[in-house]
Protein chains: 2
Amino acid sequence: MSDPTGTTGLTAPRPAAVPAPDFSGWTCPAPLRDQPCVVLGHGGGGAMSAELVEHVFAPAFGGPALAGLGDSATVTLGGARLAFSTDSFVVRPLFFPGGSIGDLAVNGTVNDLAMSGARPAYLSCGFILEEGVEMPVVARVAEAMGRAARAAGVEIATGDTKVVEAGHGDGIYVNTAGIGVVPDGVDIRPQRAVPGDVVIVSGPIGLHGTAVLSVREGLEFGVEVESDCAALGGLVETMLDVTPDLHVLRDPTRGGLAAALNEIAAAASVGVAVQERAVPVPAAVAGACAMLGLDPLYVANEGKLVAFVPREHADAVLAAMRAHPLGAEAVIIGDCVAEHPGMVVARTGLGGTRVVDLPMGEQLPRIC
Amino acid sequence: MSDPTGTTGLTAPRPAAVPAPDFSGWTCPAPLRDQPCVVLGHGGGGAMSAELVEHVFAPAFGGPALAGLGDSATVTLGGARLAFSTDSFVVRPLFFPGGSIGDLAVNGTVNDLAMSGARPAYLSCGFILEEGVEMPVVARVAEAMGRAARAAGVEIATGDTKVVEAGHGDGIYVNTAGIGVVPDGVDIRPQRAVPGDVVIVSGPIGLHGTAVLSVREGLEFGVEVESDCAALGGLVETMLDVTPDLHVLRDPTRGGLAAALNEIAAAASVGVAVQERAVPVPAAVAGACAMLGLDPLYVANEGKLVAFVPREHADAVLAAMRAHPLGAEAVIIGDCVAEHPGMVVARTGLGGTRVVDLPMGEQLPRIC
């Protein structure tokens, strides 16, 4: 039933009450008019996802939402400064080396909150279950969520379950939303990157994407890799203890390090210069990527962060990260520069440079 | 591909990494062990949904979550007392008389917050799109969400989009989560119902369920009914202006008024006595229900609330409700009583009584 080319429409008959497509009432300008259907790339976290937000969701939802969509928002409510974030999880398969959709659902939203410097506190949980999924599988996912929540120090406070007919889901989809308090004096967001900032990554990249690929049907390639799925709230607290003046934090999930760095470069109108040799790529990830024609910079991570840190604090922040179990292999991978604003450039091992583009669509569908 | 009996398993092959069902590691006791697969009823908001929460989710997630699951939770964060709630929306078809999945997604979560007395403030929005859904349909849903949010006075602050392959979704699923501030002195929850409380419903029941059914494929029955889908935050504020001492508010969605009253009766260990003739059932709803063999008490509403109000405030609260457009047809339908704790009893027009049970599973699948 899968249609990776995205050229056919829905296979199910359209319900009677859904009107025929009518572009006349649609405010979205080109280029989405030329893409009349949703394709997998719109969920890939790259340029197509950004286009969907910019041309469809942001105009519909109104002004202030624009900045926050696709990321965590910082809002003030009842006198408290809160981070608020959501993610849906559709990873396939549900269980993979090093984790499950349940671990992802907790850690993904916890990390989105932590990337604004917030201390994650409460999660909501919405299940969309497919009729026929085995109850013990649901229980195992729920148990993984409970364990992950306790490990991250958050509470699952509210929830909802919907069931759809067999053939209209894929076992289990999970949405989580989360809230946490942003400490006073902390203002961490992509727009704060400035030339001179040092770019640090908290450890080896590409493990989550490679782990999921290694167990995909038809893609087994004999690599022993575990997902890096983990909650980063504690690591961020360690970094904030050094200085509250961290400029940017980002967890490079869908679209990998390349997408994260491109989004930051675009948001702050700065350039990012990466020393390609400095980026830690495990041998197993490199091997799998070579076999499949992938670039490790674009492969998803679920327990790593990239930080833009003022140069004067960089050594101390790096030392603090290395003293934390989830940052033991943290390294400096490059700098924020004034040249080529909006662009990420990698200096290759051979002394040349290459542009690291924002990925267009979906390199690895349904990775989270 | 639909399998309404729920007796077969998933139609798709199980991914290699999903382990075979293994009840030995499963903490859930009977009776769910005898229901090895998820069926539509588990998403119906009735007894089967409650069993799933009680036996699977609550033990996995841990203690404090139990009370909040399936409803809004009240949490204290950064010194603020907040309501936090989530719902996923899988209604079929996406558009129906009086609304769409977009209106439901905003109003459903706004109403969950309002039922704790909170002033709804911010929503998150997570889309799970099926590859192939027409982009103008996505845009129309987003526009409906934007309009509904502005009407309800809330801001969609953060979002996420995932895309699944054709045949693994049903056009558009939407999750929303929401946060709002609970005013000082307000403590509205099902446990606070006490004998002597007056039970008020804000208007005619059954309109949403009937409207959706009227356009379901194969179920057109020529009834002109519009969904009552609406945001109830303003009506609740009007009621709180009379007295902050409202005991219980509930929006009778899935499972209808019967499920809402049963949940309250069970939570507070009180009885509920309803005068059946006092319950406002529009003629079109009564006619559709008679034709389909449904009971209007079990049909979903999306813009109504039921309130348990101390007797001394009941007249003033009722008058305030009737002065609000969304409460113009509010009426007293019964009382909270000390007899038959945990049970809802209706006094019928003929002078008899009947027990109004908690629905078991799903009377009308995918109604919201």
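Q: What is the strand order of the open sheet of seven strands in chain B?
A: Helices (H or I, at least four residues) and strands (E, at least two) are DSSP runs, numbered from the N terminus. Two strands pair if DSSP finds at least two bridges between them. In this predicted model, the order of the open seven-stranded sheet is β9-β11-β8-β12-β10-β13-β14 (chain B), and its pairing is mixed. The edges are β9 (248–250) and β14 (353–355) of chain B, each of which pairs on one side only. On average, neighbouring strands of the sheet are turned by 25° against each other, direction ignored.

Q: How do strands β10 and β13 of chain B run, parallel or antiparallel?
A: Strand β10 (residues 271–275) and strand β13 (residues 344–347) of chain B run parallel and are joined by four bridges. Within this pair, Ala273(B) has Val345(B) of β13(B) as its bridge partner. In chain A, β10 (residues 271–275) and β13 (residues 344–347) likewise pair in the parallel sense, over four bridges. There the bridge partner of Gln275(A) is Arg347(A) in β13(A).

Q: How many residues lie between β13(A) and β14(A) in their hairpin?
A: Five residues lie between the two strands of this hairpin, and Gly351(A) in the turn has a positive phi of about 95°. The pairing of β13(A) with β14 (residues 353–355) of chain A is antiparallel and comprises three bridges. Ala346(A) stands opposite Arg354(A) in β14(A).

Q: Where does helix α1 of chain A bend?
A: The bend at a residue is the angle between axes fitted to the seven residues ending there and the seven starting there. In α1(A), a bend of about 35° falls at Val53(A). The expected span of a helix is 1.5 Å times one less than its number of residues. Helix α1 (residues 47–61) of chain A has 15 residues and reaches 20 Å from its first C-alpha to its last, close to the 21 Å expected. Just after the helix, Gly62(A) takes a positive phi of about 105°.

Q: How many residues of α1(A) are buried?
A: Buried means under 20% relative accessible area, exposed over 50%, and partly exposed in between (1.4 Å probe, protein chains only). In α1(A), 11 of the 15 residues are buried, so the helix is largely enclosed by the rest of the structure. Among them are Met48(A), Leu52(A), Val53(A), Phe57(A) and Phe61(A). For chain A, buried residues make up 63% of the 368 residues.

Q: What does Asn111(B) touch, beyond residues up to four places away in sequence?
A: Asn111(B) touches Ala230(B), Ala231(B), Leu232(B), Asp251(B) and Glu302(B). Asn111(B) is found in helix α3 (residues 101–114) of chain B and is buried, with a relative accessible area of 0%.

Q: Ser269(B) and Arg366(B) have positive phi values; which of the two is buried, and which is exposed?
A: Ser269(B) is exposed, with a relative accessible area of 55%, whereas Arg366(B) is buried at 3%. Ser269(B) lies in the loop between α7 and β10 of chain B, and its phi is about 50° although it is not a glycine. Arg366(B) lies in the segment after β14 of chain B and has a phi near 55°.

Q: Where is the cis peptide bond next to Pro93(A)?
A: The cis bond runs from Arg92(A) to Pro93(A), with omega near -5°. Pro93(A) is found in the loop between β2 (80–89) and β3 (95–96) of chain A.

Note on methods: Residues numbered from 1 in each chain as written. Chains lettered and ligands numbered in written order. Predicted model: local features only at pLDDT ≥ 70, side-chain atom pairs only at ≥ 80, totals over all residues. Heavy atoms only, no water. Axes fitted to C-alpha atoms, helices over the stretch in contact; angles between N-to-C directions. Contact = heavy atoms within 4.5 Å.
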